[in-house]
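Colleague: Could you walk me through this model, starting with the fold and ending with the surface? I would like the cut-offs along the way, please.

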Amino acid sequence: MPVATSVLGPYTLEQELTNQAAKLNGRRTFLAKDSQTLERVAIKVIQIEKAVHTADQWASIKLFEREVKLLEQLNHPAIPQYKDAFETVFEGSHSFVLVQTYIDAVSLETLIQSGKRFEVTEVIEIAERLLNILHYLHTQTSPVIHRDIK
């Protein structure tokens with residue numbers, strides 16, 4: 001859904017990509033443009049409620065910090081690259097922001113919902129690409145286990 005022109009640091013937000021469940025948890029994702037390079041980027045924002053700091057919020061902050069450190073070290077063409085991370089106030093809430101390169105592609109979920117039927121060769125190609133990425137992640141000095149494959 002388009003967002004009213006909004007700026008987050010040097011990034012101009014173009015479209016919100018957040019699903020409803022994530023939004024309810026204070027986690028939002030945006031498609032944006034870097035005002036310096038004009039490159040499209042994906043921005044993840046974790047908004048922290050002002051008055052209440054729950055255990056869930058602290059856990060979200062710790063996971064965010066771990067994700068930033070991890071992404072800074074990864075270098076694979078199929079994994080969005082780390083660009084930036086910072087703290088700011090966004091829509092009145094203290095927020096943690098992660099910026100990554102944006103990979104413009106249709107999600108597998110969208111293809112399936114649109115009625116796409118895959119040939120066996122296509123399924124094998126998707127599996128091989130996924131396994132290549134997982135092999136890269138698992139062979140890092142500290143192996144990375146991905147919990148959210150879509």
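Modeller: Happy to. The protein chain has 4 helices and 6 strands, where helices (H or I, at least four residues) and strands (E, at least two) are DSSP runs numbered from the N terminus. This is a predicted model, in which local features need pLDDT of at least 70, side-chain atom pairs count only at pLDDT 80 or more, and totals for chains, interfaces and linings use all residues. Residues are numbered from 1 along each chain as its sequence is written, and side-chain values use heavy atoms, with hydrogens and water left out.

Colleague: What share of the 150 residues counts as buried?

Modeller: Buried means under 20% relative accessible area, exposed over 50%, and partly exposed in between, with a 1.4 Å probe and protein chains only. Applied to the 150 residues of the protein chain, the buried share is 28%.

Colleague: In which sense do β3 and β4 pair, and over how many bridges?

Modeller: Two strands pair if DSSP finds at least two bridges between them. Strand β3 covers residues 27-34 and strand β4 residues 40-48. They form a hairpin with 5 residues between them, and Leu38 in the turn has a positive phi of about 65°. The pairing of β3 and β4 is antiparallel, over 7 bridges.

Colleague: Which residue in β3 is the bridge partner of Glu16?

Modeller: Strand β3 also pairs with β2 in the antiparallel sense, over 5 bridges. On the β4 side, Arg28 stands opposite Val45. For Glu16, the bridge partner in β3 is Phe30.

Colleague: Is the ring pair of Tyr11 and Phe86 stacked or edge-to-face?

Modeller: Rings of Phe, Tyr and Trp (its six-membered ring) pair if their centres lie within 6.5 Å; planes under 30 degrees apart count as stacked, over 60 as edge-to-face and the rest as tilted. By this rule there are 3 aromatic pairs. For Tyr11 and Phe86 the centres are 6.4 Å apart and the planes at 10°, so the pair is stacked.

Colleague: Which strands does that pair of Tyr11 and Phe86 link?

Modeller: Tyr11 counts as buried, at 4% relative accessibility. The two residues are 75 apart in the chain, and the strands they link are β2 (residues 11-16) and β5 (residues 82-90).

Colleague: How are the rings of Phe64 and Phe96 arranged?

Modeller: Phe64 is buried at 6% relative accessible area, and Phe96 is buried at 9%. The ring centres of Phe64 and Phe96 lie 5.7 Å apart with the planes at 55°, so the pair is tilted. Phe64 belongs to helix α2 (residues 55-73) and Phe96 to strand β6 (residues 93-101), 32 residues apart. To end on the arrangement you asked for, the pair is tilted.

Colleague: Which residues are linked with Arg28 in a network of salt bridges?

Modeller: A salt bridge is a side-chain nitrogen of Lys or Arg within 4 Å of a carboxyl oxygen of Asp or Glu, and the structure holds 8 of them. In one, the closest N and O atoms of Glu91 and Arg28 are 2.4 Å apart. Glu91 lies in the loop between β5 and β6 and Arg28 in strand β3, so the pair ties together parts 63 residues apart in sequence. Linked with Arg28 in the network are Glu16 and Glu91.

Colleague: Which residue forms a salt bridge with Glu39?

Modeller: Glu39 sits in the loop between β3 and β4, and the pair links parts 44 residues apart. Glu39 is partly exposed at 27% relative accessibility. At an N to O distance of 2.8 Å, the partner is Lys83.

Colleague: Over which ring does the charged end of Lys116 sit?

Modeller: A charge sits over a ring if NZ of Lys or CZ of Arg is within 6 Å of the ring centre and within 35 degrees of the ring normal. Lys116 also meets Glu122 in a salt bridge (3.2 Å, N to O). The charged end of Lys116 is 5.1 Å from the centre of the ring of Phe118.
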